[in-house]
Amino acid sequence: MHIILGNEAAEPLKSKYTVLPLDDMKVGDAPVLTAYCVVEDIPVVELDQLERTVNLHNKLVENYKKPDFGFCEQALDHLKGKWGNQLDSFYDILSDRIGKYKDTDLSNWDPVVYK
C-alpha cells in the first residue's frame with residue numbers, strides 16, 4: 001500500500017488500482033489535501049466483496065466528517081482485517097480519535113488534520 005496526497009495524484013491511478021480516501025490534511029498555509037491509499041495487493045478471498053468493502057470504507061470516511069461516530073464504530077468493526085490488514089493502522093487511528101471525541105461538544109467539529 002502507498003499513500004499519496006491530492007486528488008490530482010489519485011485520479012489517474014483509479015483505473016488500475018483501488019484508491020481509497022483517508023484523511024483531509026492541511027500543512028501550514030497550503031490548501032487542504034486529501035490523503036489516499038493505493039491498495040495494490042488485495043487478498044483473493046476478498047475480491048468477491050471488493051465493491052461492498054470499498055463502499056463501506058468510503059462511507060466510513062464520509063460519516064467521520066459529519067461526524068456520525070456511531071456509524072463509524074460499526075463500520076470499523078466490519079472493515080478491520082480487510083485489505084489484508086493493510087489499512088488496520090488507519091482504522092486504529094480513526095477508532096482512537098472517535099473514542100477521544102465522541103463524548104465532547106462537536107459543534108465546532110473539524111475533521112481536517114492540521115500540521
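1. Two strands count as paired if DSSP finds at least two bridges between them. With that in hand, look at the sheet: 4 strands form an open sheet in the order 1-3-2-4, and the pairing is mixed. Strand 1 (2–5) and strand 4 (113–114) are the edge strands, each pairing on one side only. If the word "pairing" is new to you, strands of a sheet pair through backbone hydrogen bonds, either parallel or antiparallel.

2. A friendly word on what you are looking at. This is a predicted model, in which local features need pLDDT of at least 70 and side-chain atom pairs count only at pLDDT 80 or more, while totals for chains, interfaces and linings use all residues. Residues are numbered from 1 along each chain as its sequence is written, and side-chain values use heavy atoms, with hydrogens and water left out.

3. Now the overall plan. The protein has 4 helices and 4 strands (DSSP runs numbered from the N terminus: helices are H or I with at least four residues, strands are E with at least two). Along the sequence they follow the pattern β-α-β-β-α-α-α-β. The C-alpha atoms fill a box of roughly 40 × 35 × 20 Å, taken along the principal axes. A compact globule with 115 residues would have a radius of gyration near 13 Å, and the protein's 14 Å agrees with this (the radius is taken over C-alpha atoms, and the globule rule is 2.2 Å times the number of residues to the power 0.38).

4. Strand 1 and strand 3 (residues 33–39) are joined by 4 bridges in the antiparallel sense.

5. How do helix 2 and helix 3 pack? Helix 2 (residues 50–65) and helix 3 (residues 69–79) lie with their axes 9 Å apart, at an angle of about 150° (axes are lines fitted to C-alpha atoms, for helices over the stretch in contact, and angles run from 0 to 180 degrees between N-to-C directions). That makes helix 2 roughly antiparallel to helix 3 (angles under 35 degrees count as roughly parallel, over 145 as roughly antiparallel, 65 to 115 as roughly perpendicular and the rest as oblique). Residues in the contact include Leu56 and Leu60 of helix 2, and Phe69 and Leu76 of helix 3 (contact means heavy atoms within 4.5 Å).

6. Helix 4 (residues 88–101) is another neighbour to follow: its axis and that of helix 2 come within 12 Å and cross at roughly 30°. That makes helix 2 roughly parallel to helix 4. His57, Leu60 and Tyr64 of helix 2 make the contact with Phe90, Tyr91, Leu94, Arg97 and Ile98 of helix 4.

7. Helix 3 also packs on helix 4, at an angle of about 155° and with the axes 10 Å apart. The two are therefore roughly antiparallel to each other. Here Phe69, Cys72, Glu73, Leu76 and Leu79 in helix 3 meet Asp88, Tyr91, Ser95, Ile98 and Tyr101 in helix 4.

8. Finally, two backbone details worth a look. The peptide bond from lysine 66 to proline 67 is cis, with omega near -5°, and proline 67 sits in the loop between helix 2 and helix 3. Tryptophan 83 is in the loop between helix 3 and helix 4, and has a positive phi of about 60° although it is not a glycine.
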